Amino acid sequence: MKRICVFLGSNPGHDSRYTEAAVELGTELAKREIGVVYGGSGVGLMGTLADAALAAGGSVIGVIPELLVKKEVAHHGLTEQYVVPSMHARKAKMAELSDGFIAMPGGIGTLEEFFEVLTWNQLGYHSKPCGLLDVKGYYSELAGFLDKVVDEGFLVSEHRGMVLTDASPGGLLDKFDGYVPPQVDKWIEKKKGL
């Protein structure tokens, strides 16, 4: 893997462990010589991740929409920064540049970005690993909900397995190294021959 896209909060959250995890992930990616692709902001967990990766000698590419350059305070010290016309263009560019996707704690934008690339994976538009960095159990209820989605017949278990989860950056990146995409159709009724 040359680059991993990280979706994460433009706010720092209330617990210092989120900031510590952003520093740890940025540092670990740089140590493994994996570049960071992210939303291009200099604030919140986004800025912390970028600063940590840069401080550890890593490469960081930001992708930020024109409208958010001032609102999110675009980071001005990145290896490369793309300013794009829309959120759709942002997500497409980040996906194009990346070999995998990690969601750290964040808000609804983080979730939306993560689930879009996960859906693309499920549909076969890409076969890149997608993972949740589960800092202090932030994503435990979401993981439980995904299990319910399987139990209720809206997702096959193989696709549930596409969501790699770990509490530590190193552990999650190790899971990325061993990721094998499932070779299964998404349509449950089609599988049953109905």
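Helices, each a run of at least four residues, and strands, each of at least two, are DSSP runs numbered from the N terminus. The points below concern a predicted model.

1. **Helix H1 and its length.** H1 covers residues 16-31. The helix has 16 residues, and the distance from its first C-alpha to its last is 23 Å. This is close to the 22 Å expected at 1.5 Å a residue.

2. **The buried residues of H1.** Which residues of H1 are buried? They are Tyr18, Ala21, Ala22, Leu25, Gly26, Glu28, Leu29 and Ala30. An α-helix has 3.6 residues a turn, so residues three or four places apart point the same way. The cover over the buried residues of H1 includes strands E1 (3-7), E2, E5 (101-103) and E6, together with helices H2 (44-55) and H8 (169-177).

3. **Glu33.** This residue is not a glycine, yet its phi is positive, at about 60°. Glu33 sits in the loop that runs between helix H1 and strand E2 (35-38). Its relative accessible area is 70%, so Glu33 is exposed.

4. **Lys136.** A second residue other than glycine with a positive phi is Lys136, where the value is near 45°. Lys136 belongs to the loop between strand E6 (130-133) and helix H6 (140-151). Is Lys136 buried, partly exposed or exposed? With a relative accessibility of 43%, Lys136 counts as partly exposed.

5. **Cysteines.** How many disulfides does a search of the whole structure find? The search finds 0. A disulfide is a covalent bond between the sulfur atoms of two cysteines. For Cys5, the closest cysteine sulfur is that of Cys130, at 9.8 Å, which is too far for a bond; the cut-off for a disulfide is 2.5 Å. Seen from Cys130, the closest cysteine sulfur is in Cys5. Cys5 is buried, with a relative accessible area of 0%, and Cys130 likewise counts as buried, at 0% relative accessibility.

6. **Ile64.** Ile64 is part of strand E3, which spans residues 60-65. Because its relative accessibility is 0%, Ile64 counts as buried. Although Ile64 and Ser86 are 22 residues apart along the chain, 8.3 Å separates their C-alpha atoms.

Definitions and conventions: Residues are numbered from 1 along each chain as its sequence is written. This is a predicted model: local features need pLDDT of at least 70, side-chain atom pairs count only at pLDDT 80 or more; totals for chains, interfaces and linings use all residues. Side-chain values use heavy atoms; hydrogens and water are left out. Buried means under 20% relative accessible area, exposed over 50%, partly exposed in between (1.4 Å probe, protein chains only). The expected span of a helix is 1.5 Å times one less than its number of residues. Contact means heavy atoms within 4.5 Å.
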